[in-house]
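Please examine the sequence and the model shown below.

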Amino acid sequence: MSLESEIVDLSPAEHQELVKYDSCSFGFLKLDKLEEAATKSLLEKGVQFYESVIKAAVKKSKKDNNIEKPKVEAAIFCRLGHLLLLLEQYEKALSAYQKYYQLEENHWKNGPFLYGLGFVYFHFNAYQLATRAFQQVLYTDPGFSRANEIHIRLGFIFKIGKDFDKSLKHFRHALSDSSDCSLTKAQIKLHIAHLYEVQGKYKQAVEAYEQFISCEDSSEDTYKATANKQLGWLYHTVNCLGEKSVREESAIKYLQESLKNDKSNGQTWYLLGRCFSSLGKVHDAFVSYRNSIDKSEASADTWCSIGVLYQQQNQPMDALQAYICAVQLDKSHSAAWTDLGLLYETCNQPKDALTCYINATKTSKGGIVSPSLNGKIKFLQQHLSKIPMQHLQNKPKTLPSIEEAWALPIPAELTSRQGSGTPHAIQKSPLMPQSGGASPSSGQQNFGGQGSVLEDKKKKMQPRKRPSSELLDTSPTSQPGPPQLLSPHQLQILHQLQQNQANLDPARRQLLQDLQHQVYLQQQHAKMQMLNQQGQGQISGNPSQSAGIFSPRPQVGSQSQQPFSTLGTSAEIRGSNPDSQGHLPSNIERFSQFHPSTSGNYTSSPLKGPPLPSGLDPGRSQGQIHGNIPYSSTLSQGTEGDTNISKSLDSAHTVNEKDITDVLSRPDLASSIAEDLLKQFSQTGDQTHGQLGDRLAHSDIHSSQNKASTDLRTGESSSEGVGIHSSSSQDFNLNAPSIEKMLKLDSEVIKCDTESAKYGSLPKLNIHMSGEQILRACKALGKSGITTSVLGDRPPPRPPSPPRPPLPKDQLNPPTPSVYLEFKKDAFSPELQQYCQSQPVVVIRGMAGALKLDLGLFSTKSLVEANAEHAVEVRTQKMQAPDENRDQFGNKVWYCNSTRNHTTIAKYAQYQAASFQESLREEQEKAKGIFKESDSDSNSSISSKHRKKPKMIKFGTNVDLSDHKKWETQLKELAKLPAFCRLVSGSNLLSHVGHTILGMNTVQLYMKVPGSRTPGHQENNSFCSVNINIGPGDTEWFGVPEQYWGVIHNMCERNGVDYLSGSWWPVLEDLYEEDVPVYRFIQKPGDLVWVGTGCVHWVQAIGWCNNIAWNVGPMTARQVQSGLERYEFNKLQNYKSIVPMLHLVWSIAKNIKASDQKMFEIIKTTLLNSLRQVQLTMDFVEAMGHEIKWHGRVEGEAAHYCNVCEVEVFNILFVKEQDSKFVVHCQDCAKKIHHRLEGFVVLNQYRLEDLINIYDNYTFRTAPLSLT
């Protein structure tokens, strides 16, 4: 048989149609619909065609005994990957994309490839990999046609990771984009409103929700219902939204409005019940809770709230039953256990109360337990140990014990009961089920006990079930027959499945659950038979008639038989302090579409996520990912949910009226709505498949030999790959003449993608060309709107790999470079400058003394005298030892938590002085032998581990001293410093920016108490910095050379903190394990610390002191190169560069003639790329039919940044009026807002001839550069 006969027949017309489809069609083709059947058939045929081509080529290679690996164009694998993605065959699509990645050196230029790869990663919950792929698309092609889809996915990824600022930024990007989108503008606005809510920006959230409700395109009832529900709960819980009476009225109004749009939403009914309960409208609350149970069936939070209502109405037996329902539905429901314990304590049953309290502590998330709950436990344990057991057993009980309550079914009467003003008032029950069911036995005792005699006791009840992980689902009308016993063969299968439980596929996992369920039924049946025969508990009469409409049913797959075992929770429990806001139970609703509801009938919420394309639901069962997906332990596994503590009980010894009041007034028994939504995203991330590898940032992307391990590496394909995508499908050439034409067409399509208009059509330029030649070469090439990098045609920047070979372990604590100055001439010596600029970090001892600097001008006393009301940013931090960073559980972590506030210099000075006085007092007490554990020394690592309540301190940071009128004396004193570290100097790159950059080319002051921390960071755009300790106390520094910032970046990523914008404090042990050297030294008063280019550093005050600092830019090639590379890396990460490098480079070229060859080439190349971009932008504006108007530039005018993406906009500004303000946009964002630039005015700030002159006149010279 010939090779051609093995290849699937594909007509030229079909092939021509097929090449129109790539990853950009993903989510917009509805292949499950009848009208797209022909398209689906064509795509499937295309997959068969490409697979047959590859198989034929492999067969031909084997037949010819070809020693070399068979080869095929990389484009074929890319096309195949696109088609497989559209058909939602994700494993095969990943395999095909992998092959293309390995074969195509310039894969980073192919936007559709990176876009498709990002969606495959997103499907497998590999969010880090998806983020990097999507970011590279936006970096290499900012005008990508599906940029809004990328922003939506990134918005959700960052929302999952609780990086709300980034998430909000991406949703705003998507909102401003006018391109076709899978979400409507209204839906995006709904997510933005929700982000405001979870950030605690409640007023902005309310405004955004109300705007959403009123907008025309929010007509879909589901979305309006969600917005109204969120609004209702915000008004119920957030005190700052007005008076309580007005808020409650608004809350009920919005929740009722939500139910008009969606009556089937059980959560809304539950929230409405909470509102009615807070107003004392018990009847209405019960009605709402009943409706919630009708709609959602199984919610531990609803039952817990019902229990609170019964407790409020002095119906302890009914409250007990409701709490038991809650903890059986969710054994980890800490709030329900706590309330159940409180109920037992009020009924004088301390042993049962203690059991419940202990379970509350075991099930509290993260082990956080309220101090007063611990106090109650200790008190009960101490007193119960002194009481004879016989006394406890003989004591009459108001309530059944917890063991008895757990084992007994709940009678039907519970649901027919209602609360009222008095416990004896009998009315028609708001929880009465619909008629039509069987009535309970007349001989059945009332499990409710006190006040539970009901008029409707003999009415017929509709059977209902309450899920329980422990109890049997019995029928209210007849005794269920014994469950069928498992056969020996079934028992053998069960044993085998249990042994291999971790490796089961979904079908076998379901079989295991079914068998376990059958065993469970057998056990429960035997238990119930025993209980009925012995007549124990509170049930009498025929057991076949004892179960009511809430008789429990088991959860599938439940194994535990112990009511108090601590199991993994399905929802996070969060309590609140009396003043906390917006708290809601966690089991209410799954807001993430990534978690489809598996129980109950809660309506799918729009806040679950975008209506992702079919099959793109990462939360569903994926089955086993095939072996060709590499594994890496560094893959992000999602984020942990929030772990705040439950409301603490007020008394550890007695149950008083305040205990009950606290339960009733508690804003929540679990977690807030907003945080619950996010928890579901976080839980989704925990389902990430561990077989996906994180290889993005650990290789040399510039080397074609190493391209298989560059920053989108996923690893080698397994020899047992998926279908034709195994390692046997290697690289090969095809010689079959009948398909050459078709494959050539594919290659041309992919080449058009890879060598897109951005790169393929641009001419090769060099720095020896004149400005006129550059403009002529680029003329008319930018009509489609092209944006290029200042670094030229290069792959996206990436964190560097660590130096090789690694340092020996005994060299990971190198001595810090230090210089001791005694005379002024030493400070001005060229050798000192050269030494500082060659080291990662240098501490210059005695600088202030040698130059006779008056540091007293920067003392707290002088600052108060000069400008007492000057603003100070305050960071509240936990006091810890300098070499430690622990969370609330004592675990070493990287995230460095702090909260921001503002005050004045005078007020912070008072705090600083009071802190010092308090320290003196503590020292005196210690000297007298009086020692309080909470006052232990922050610098003692031992004491910090055992300190129960860490001391919180306030750090006064970022005090701006840029105003020469206010701080003239202080700034003049700094002019005594040598030129290389002076604030203003011709040799300082930042002095050539031409405008103020706060904190960079201005002085900032830091006012500290012991423990004040500046978290880890590199200076903006990797510039150097100068820091002087004013005193009187010392400061401790940690520094890492620039070459290792990539390692620390990756470690931050693994620890769930953002390297650029996050707050992190490295764990030293982690750094040493990665062979990262760390400089560690003390900065004393008068010492100057020089932080070299790109040095990673973090600082902590040991004593009470002030520090001043600013940035400088040495006139070196390394500084310019590092600044430009970070400028581009920031662009990749969507992080604003506060140093406008383009503006700076043009200013340097205008003001200075380079004497360093390498620096000259770097700046000249940057000018060339910038000049090319100016011409391309002018071509685009002309093609859109707009005129570029002269605007000019005034002296001291700040550089401009895009209002949307925050990239620097140089020369040509796209200006649009928004909210009565004129704001600047970049070319790409302007094009996304309107493809024809309608509503924009285009301005330019530099004349083209002026830029040409600067470029042409920037030449290399050999004369040394003056440093004065």
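A salt bridge is a side-chain nitrogen of Lys or Arg within 4 Å of a carboxyl oxygen of Asp or Glu. Arg886 forms such a bridge with Glu884, with 3.3 Å between the closest N and O atoms. Both Arg886 and Glu884 are buried, where buried means under 20% relative accessible area, exposed means over 50%, and partly exposed lies in between (1.4 Å probe, protein chains only).

The model is a predicted one, in which local features need pLDDT of at least 70 and side-chain atom pairs count only at pLDDT 80 or more, while totals for chains, interfaces and linings use all residues. Residues are numbered from 1 along each chain as its sequence is written, and side-chain values use heavy atoms, with hydrogens and water left out.

The structure holds 24 salt bridges. Side chains of opposite charge can pair when their charged atoms come close. Another of these bridges is formed by Arg875 and Glu873, whose closest N and O atoms are 3.2 Å apart. Here Arg875 is partly exposed, with a relative accessible area of 25%, whereas Glu873 is buried at 13%. Lys169 belongs to helix H9 (residues 164–176) and Glu1206 to the loop between strand S19 (1200–1201) and strand S20 (1208–1209), 1037 residues apart. Lys169 counts as buried because its relative accessibility is 17%; Glu1206, at 30%, counts as partly exposed.

The overall fold comes next. The protein chain has 42 helices and 23 strands; helices (H or I, at least four residues) and strands (E, at least two) are DSSP runs, numbered from the N terminus. Of its 1268 residues, 58% count as buried. Contact means heavy atoms within 4.5 Å. Among contacts between residues at least 6 apart in sequence, 78% join residues at least 24 apart.

What forms the interior? A nonpolar core is a set of buried Ala, Val, Leu, Ile, Met, Phe, Trp, Tyr and Cys residues joined through side-chain atoms within 4.5 Å. The largest such core has 84 residues, and those with the most contacts inside it are Leu340 and Tyr344. Helix H17 (residues 316–329) supplies the largest share of this core, ten residues. A second, separate core of 56 residues includes Val58, Tyr90, Val137 and Ile157.Helix H36 (residues 1045–1054) is largely enclosed by the rest of the structure, because eight of its ten residues are buried. The buried residues include Trp1045, Val1047, His1049 and Met1051. Among the elements that cover the buried residues of H36 are strand S13 (1035–1040), helix H37 (1068–1073), strand S16 (1096–1101) and H38. Just after H36, Gly1056 takes a positive phi of about 75°.

Rolling a probe the size of a water molecule over the atoms shows where empty space is left. On a 1 Å grid over the protein atoms alone, a cavity is a set of points where a 1.4 Å probe fits but cannot get out, and lining residues have an atom within 4 Å of a point. Grid points are joined across faces, edges and corners, and a volume is the space filled by probe spheres set on the points. A search of the whole structure finds 16 cavities of 30 Å³ or more, and about 700 Å³ of space lies in the largest cavity. Of the 36 residues that line the largest cavity, the closest to its centre are Pro142, Thr787, Lys1131, Val1207 and Asp1228. Helix H40 (1157–1183) is one of the elements that each supply at least two residues of this lining, and the largest share, five residues, comes from H40. By class, the lining has 17 nonpolar, 13 polar and six charged residues; Ala, Val, Leu, Ile, Met, Phe, Trp, Tyr, Cys and Pro count as nonpolar, Asp, Glu, Lys and Arg as charged, and the others, Gly among them, as polar.

Some details of the backbone remain. Most residues other than glycine have a negative phi, and most peptide bonds are trans. A cis peptide bond joins Arg804 and Pro805, with omega at about 0°, and Pro805 lies in the loop between helix H28 (771–778) and strand S5 (818–820). Ala780, a residue other than glycine, has a positive phi near 70° and is placed in the loop between H28 and S5. The peptide bond from Gly1031 to Pro1032 is cis, with omega near 5°; Pro1032 is found in strand S12 (residues 1024–1032). Leu1237 has a positive phi near 60°, and at 0% relative accessibility Leu1237 counts as buried.

Notes
1 Å grid on protein atoms, 1.4 Å probe; cavity = no way out; pocket = protein on both sides within 12 Å on 5 of 7 lines; lining within 4 Å.
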